[in-house]
Amino acid sequence: MGSNAPDPLSQVEFSNVVGGRPRGAAESHRVVDPRTEADLWEAPTASARDLDDAVEAGRAAFRTWGRSTPAERAAVLNAVAGVLYDNEDLLAGILMRETGKSRIMAQMEVKRAAFHYEYYATVQLEDEIQYEDDDLQIVGTHEPYGVIGAISPWNFPLILSSVKVASALATGNCVIIKPSPFTPYAILKFCELAQPVLPAGVFQALNGGADVGERLTRHPGVAHISFTGTIAVGQRIMAACAGTLKKVILELAGNDAAVVTDDVDLGVVVPKVALGCLLHAGQMCVASKRVYVHASRYDDFLARFRAHLAETYAATYDDADAPSVFGPLSNRPNFERCRGFVEDCRDKGYEVITVGEEQEGKKGFWIPPTIVANPPEDSLVVREEQFGPVVPIMKWEDEEDVIARANLDNAGLGASVWCRDAVRARKLARQLETGTVFINQPPQPHHAGYFAGQKLSGVGGELGKQGLLSYCQTKSLHIAKR
Ligand code: NAD
């Protein structure tokens, strides 16, 4: 595209989606592009009336959709995936602007989102015989709830929303998605584009902030809330859901540890650990937020890690078309939060290694890859999830000690173990109190692997066949045989 060509995205408009139709709003807000701080499009804010109408439309649609067959739902899921593939360029372009992701990251996100619909077109929950004797058969059958309220965060807006929407649709639920107000655009556009392939009211979208989210959690017509976000908001949501005894899935934050043992090949492991720390500038729920390296390899690891960051993450991070998985922080609050961690480390006199240039005065929410060498265990940067490109790297000597340090209450989501000895690696993994442990691979949820947080990192879970159970209530049929 020449520099004078009109931006094809400049004319795009965004609406909420209620009862199969786009709906405008009296109130709106604008997000800024995290790379440039330029204003993006008007984003409609949903009113209380919009929510009431969406719930009513969802409940009406559920009467038919809730009784659809798995084959009918699979056809719709595949058609929804097709909508994403057909609109990959548009949606990736929107995602780049609202999240600050590079083009390859945004394209990957659209494809991964599509893949979740395709995957759940192939997976279904069958009835199970729970008990049987000469007189009685007990059959467990999995039924949808009705209207599910799905509340998603800003870091992978299309993928994380799609996990919820695909799971809801696959199980015969209707779903209202409320995206983060920091990244409303791609989801609103996707929901609008998907309407022709869905019955009206089955998949709706309402943008807004905490107030819209809270109304959703308190609405008596919503049966279930599926939330992904911070621990603090998850706690608020659980309390709000108590009033109507809504079921909840809470996929929350994780202060994930990576444990590197003394037997590893650092040439192989360092780039993979770095990817686990810095994909999307560390803004990933299962990113490694704390790296524990065996003391005998610590100095070598640190030197190699620093060199790798300089080579791979610092050089290209400013160019959205470079094949980089690194970028700016996605919004000002997270940018300020992360800078707070770095300032705290400097104030306390810890060794802060900035890889690449500090971009003082530059527009956009940039923090260069930053290492904090061996900060104390009770430091802020170790105790709290940074959710950014600030990586504390600590030493350990004793296995029991490193496991105890890894097992913080806010670290129940994921962890990784880097260890050549397979038996030792599995033994370490089993001692980590997290929903998922990645062994010798960078952390990344897998569509077929159940994904859930332990301790403060969540309630219930998603993904894989087991994840569908979180979207269903199991009814037991006791059938007399004679
Ligand atoms: P957040 O908790 O601030 O917001 C998440 C969503 O909740 C947004 O849509 C927001 O508008 C909404 N919300 C805020 N207050 C609400 C309320 N009182 N009632 C209802 N809804 C409300 O989280 P965030 O900053 O958007 O996301 C980043 C966090 O998400 C990180 O901590 C990250 O670790 C976590 N995360 C977890 C997973 C996982 O699968 N466990 C995945 C991605 C991100």
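This is a predicted model: local features need pLDDT of at least 70, side-chain atom pairs count only at pLDDT 80 or more; totals for chains, interfaces and linings use all residues.
## Strand S12

Strand S12 covers residues 257-260.

## Neighbours of S12

S12 pairs with strand S13 (residues 290-294), and the two run parallel, joined by 4 bridges. Within this pairing, Val-259 has Tyr-292 of S13 as its bridge partner. Helix H9 (residues 266-278) takes part as well: S12, H9 and S13 make a right-handed β-α-β unit.

S12 also pairs with strand S17 (residues 414-418), again in the parallel sense and over 4 bridges. Here the bridge partner of Val-260 is Trp-418 in S17.

## Salt bridges between separate elements

The structure holds 26 salt bridges. One of them joins Glu-37 to Arg-332, with the closest N and O atoms 3.1 Å apart. Glu-37 sits in the loop between strand S3 (27-32) and strand S4 (39-45), and Arg-332 belongs to helix H11 (residues 332-347), so the pair ties together parts that are 295 residues apart in sequence. Glu-37 is partly exposed, with a relative accessible area of 24%. Arg-332 is also partly exposed, and its relative accessible area is 37%.

A salt bridge also forms between the side chains of Lys-111 and Glu-88, at 3.2 Å from N to O. This pair links distant parts of the chain, 23 residues apart: Lys-111 is in helix H4 (residues 103-120) and Glu-88 in helix H3 (residues 88-99). Lys-111 is partly exposed, with a relative accessible area of 39%. Glu-88, at 14% relative accessibility, counts as buried, because buried means under 20% relative accessible area.

## Lys-348 and Asp-344

Lys-348 forms a salt bridge with Asp-344, and the closest N and O atoms are 2.6 Å apart. Lys-348 counts as partly exposed at 48% relative accessibility. Asp-344 is buried, with a relative accessible area of 16%.

## A salt-bridge network

Salt bridges can also be followed through a group of residues. Arg-23, Arg-49, Asp-50 and Asp-53 are linked in a network of salt bridges.

Key. Residues are numbered from 1 along each chain as its sequence is written. Side-chain values use heavy atoms; hydrogens and water are left out. Buried means under 20% relative accessible area, exposed over 50%, partly exposed in between (1.4 Å probe, protein chains only). Two strands pair if DSSP finds at least two bridges between them. A crossover is right-handed if, with the strands pointing away from the viewer, the path from the first strand over the helix to the second runs clockwise. A salt bridge is a side-chain nitrogen of Lys or Arg within 4 Å of a carboxyl oxygen of Asp or Glu.
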